[in-house]
Each structure stands twice: as structure tokens, then as C-alpha cells.
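Trainee: I'm new to this structure and would like a close look at one part of it. Could you take me through the salt bridges?

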Amino acid sequence: MFERFTRGARATVKGAVAQAERAGADSVTEEHLLLALLEQEGGRASFAVTALGLHDRRASLDAAFAEARRRGGLTRADTDALADIGIDIGAIVSRVEGAHGEGALAAGRGGRRWWSGHRPFTPGAKTVLENSLRVALGRGDHFIGEEHLLLALTAKPGVVADVLTEHGATYATVRRALYGPDADGGQGHAKAG
């Protein structure tokens, strides 16, 4: 699959590893992939990210990811679903942090880094990489570019897709920013996921 990655897509994957290293994370996550995409310049995904205003709201994205980590990685949908049955995640986080310190639920899980120092990709990040192939094939492309990675990030339910949606970057809006208002050419390509 990686032989299909463009130079920009490969740079994004390498950038995600660098993001994880800078953060001291034991593994590379979907968040690291998105943050690496935000640092790319000159590609189709960079254009879409700029058009959607994500570059200008980087601090807001970082804050949303920090809040999600603070909630132990629960999505807003998870938090809302638990609230519907009477479980207040905010109260639980406050009690845990009161007993164990701020960010206690966000702590790394440790012990996952290989002896070589290599940071493995989480199952979610691997799924994004796999879905980028599905996105590319669905579009009839014979390569996997950063744009396919960006679309795959919006298509996979989870914290990254939630944060992107909160910032106006859904699968549909990203697709329109990448390929224009008639992105499907009337063929109705399905999203990956």
C-alpha cells in the first residue's frame, strides 16, 4: 500500500511520527496524522485545510484535542450518550483529577514503545491509513495523497472527526474544498469508513 503514497503523503506519515515524538507519546495516533497534515504546505490537502480555516484555528484545534484527552479520549458523542443515562463525565473527570492530579485520564498508557524506540501506529491510525486507500480507489485515483488521508480522517468516527466537525470540516465540506462543489461528478462516491 505504501508504494502508492505520494511524496506529500509519505511526508505526512513521517510528520505524524515526529508529532508523536515531540509529544512524548508512545504511539502515533489519528491526532498526530492530522497535526502533521496541518504542517504540510503546497498540496491539495493544505489548500483545503486553509480554505476551511483550520490553519487559522490551530489553537482551537489543540485545545479541543487537549480537552478530549482530559476526558480519557471520549468523543462528544460518547459524553452525550453517557449524559443521557445520567453519567456526568465532567464530574467524573473532576473527581479523578482531584484525587490524582490534572490530566490523570490523559496520561499515556506506557510500555507500548518498542525496544528500538520505534513508535507504533495505533489501530485507529492504521485504520485511517487503510481508509485512505479506500478513498483513493473510490475516487478512481491510482495514488494515495494527503487529500485522501484528510478525507479518511473525517470519515473515521472518533475524536479527530468530532473535532474537525466542530471546526466545520466534515467529510462533505472537505471533499468540496478539495474537489469543488461537483466533487462526485454525479456518481455519488461513498465515503470510506
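This is a predicted model: local features need pLDDT of at least 70, side-chain atom pairs count only at pLDDT 80 or more; totals for chains, interfaces and linings use all residues.

Trainee: To begin with, how exposed is Glu39, judging by its relative accessibility?

Mentor: Glu39 has a relative accessibility of 43%, so it counts as partly exposed. Its salt-bridge partner is Arg22, and the closest N and O atoms of the two are 3.5 Å apart. This pair links distant parts of the chain, with Arg22 in helix H1 (residues 7–23) and Glu39 in helix H2, 17 residues apart. Arg22 counts as exposed, because its relative accessibility is 56%.

The structure holds three salt bridges, so let's visit the others too. Glu30 counts as buried at 18% relative accessibility, and Lys156 is buried with a relative accessible area of 18%.

The next salt bridge joins the side chains of Arg58 and Asp62, at 3.2 Å from N to O. These two are four residues apart in helix H4 (residues 58–70), so about one helical turn separates them. Arg58 is partly exposed, with a relative accessible area of 26%, and Asp62 counts as partly exposed at 32% relative accessibility.

For contrast, look at Asp141: this residue is buried yet has no salt bridge, and the nearest side chain of opposite charge, Arg139, is 4.2 Å away. The side chain of Asp141 does make a polar contact of 2.7 Å with that of His148.

Definitions and conventions:
Residues are numbered from 1 along each chain as its sequence is written. Side-chain values use heavy atoms; hydrogens and water are left out. Buried means under 20% relative accessible area, exposed over 50%, partly exposed in between (1.4 Å probe, protein chains only). Lys and Arg count as positive and Asp and Glu as negative; His and the chain ends are not counted. A salt bridge is a side-chain nitrogen of Lys or Arg within 4 Å of a carboxyl oxygen of Asp or Glu. A polar contact is a pair of N or O atoms within 3.5 Å; within protein, one must be able to donate a hydrogen and the other to accept it, and residues adjacent in sequence count only if both atoms are side-chain atoms.
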